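Please examine the sequence and the three-dimensional structure shown below. The explanation that follows is meant to be read alongside them.

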Amino acid sequence: MNRRYRKTIIAGNWKMNNTLSETRSFAEQLKPIMPRGKWCTVVLCVPATNIQSAVRLFKDCHIAVGAETCHYEQKGAYTGEITPAMIKEAGAKYVIIGHSERRQYYNETDFTVNKKVHAAVEAGLIPIICVGESLEQREMGVTMELIAYQVKCALAGLAPEKVRHVVIAYEPLWAIGTGRTATAGQAGEVCQAIRTVIRKQYGAHVARSVTIQYGGSMNAKNAAELLAQPDVDGGLIGGASLKAVEFVQIINAANQE
Ligand code: PGA
């Protein structure tokens, strides 16, 4: 983390979990234990049906709400999809784009990720852009090239003053939902490489402002060590964000001096 130049952001990714009533009980558990007046920004990315209620439920504990995906068109015949403007009007501030599960199961490509990033930014949402390598790619030694390619594709055509405000989440595929976390060294190394890619494209001023998260089996036990890396500015947290107590423990780790 480096709070001097950029925000530390702890974001939960609920994926396809929690109904409206479950969201209410989560809020009831979270509110009394949520730290106040601290430094890190907290976000919960929830299923689309929960966005409006979540905005209301989490408002007084200063948790921003995000969506988990969006379409890149502003309207049209895309049954089942939602636009950034719909998400924004529902009260959300963030949207996850290019999560590996979307890339894997819904054919999202670096090309559609780029279009979605543009659409989200134009609608006034902050995109949390996910990048990450598979185990095979890591073993082949192409992690850095792949990540650089994904980051460049996602941001292509975006003005530098817009790039400053995006969030990048480095999520190695082999660590997502597997209980197998990247070591702090591995996470730090790739997050640093991402910042270098941004520096080369957009300059030092932009690069130092971008929040770069780590994601992949981050939990209450390993959060502090991962966040101690200078280029790891937060976490995108799946499983552990479904448990209020553990989620707060991660937030506390991010609030340490
Ligand atoms: P996980 O998920 O924390 O359950 O590994 C992270 C993610 O998919 O964003």
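Predicted model: local features only at pLDDT ≥ 70, side-chain atom pairs only at ≥ 80, totals over all residues.

Residues are numbered from 1 along each chain as its sequence is written, and side-chain values use heavy atoms, with hydrogens and water left out.

Eight strands form a closed barrel in the order 1-2-3-4-5-6-7-8, with parallel pairing. Strands are DSSP runs of E with at least two residues, helices are runs of H or I with at least four, and both are numbered from the N terminus; two strands pair if DSSP finds at least two bridges between them. Strand 5 (residues 126-131) and strand 6 (residues 167-170) run parallel and are joined by four bridges. Within this pair, Cys130 stands opposite Ala169 of strand 6.

The ligand is surrounded by 13 residues, the closest being Lys15, His99, Glu171, Gly177 and Ser217; a residue is near a molecule if one of its heavy atoms lies within 4 Å of it. An oxygen atom of the ligand lies 2.7 Å from a polar side-chain atom of Lys15. In the side chain of Glu171, an N or O atom is 2.6 Å from a ligand oxygen atom. Gly238 places a backbone N or O atom 2.9 Å from an oxygen atom of the ligand. Such polar contacts are pairs of N or O atoms within 3.5 Å.

How values were computed. Polar contact = N/O pair within 3.5 Å; in protein donor to acceptor, adjacent residues only side chain to side chain.
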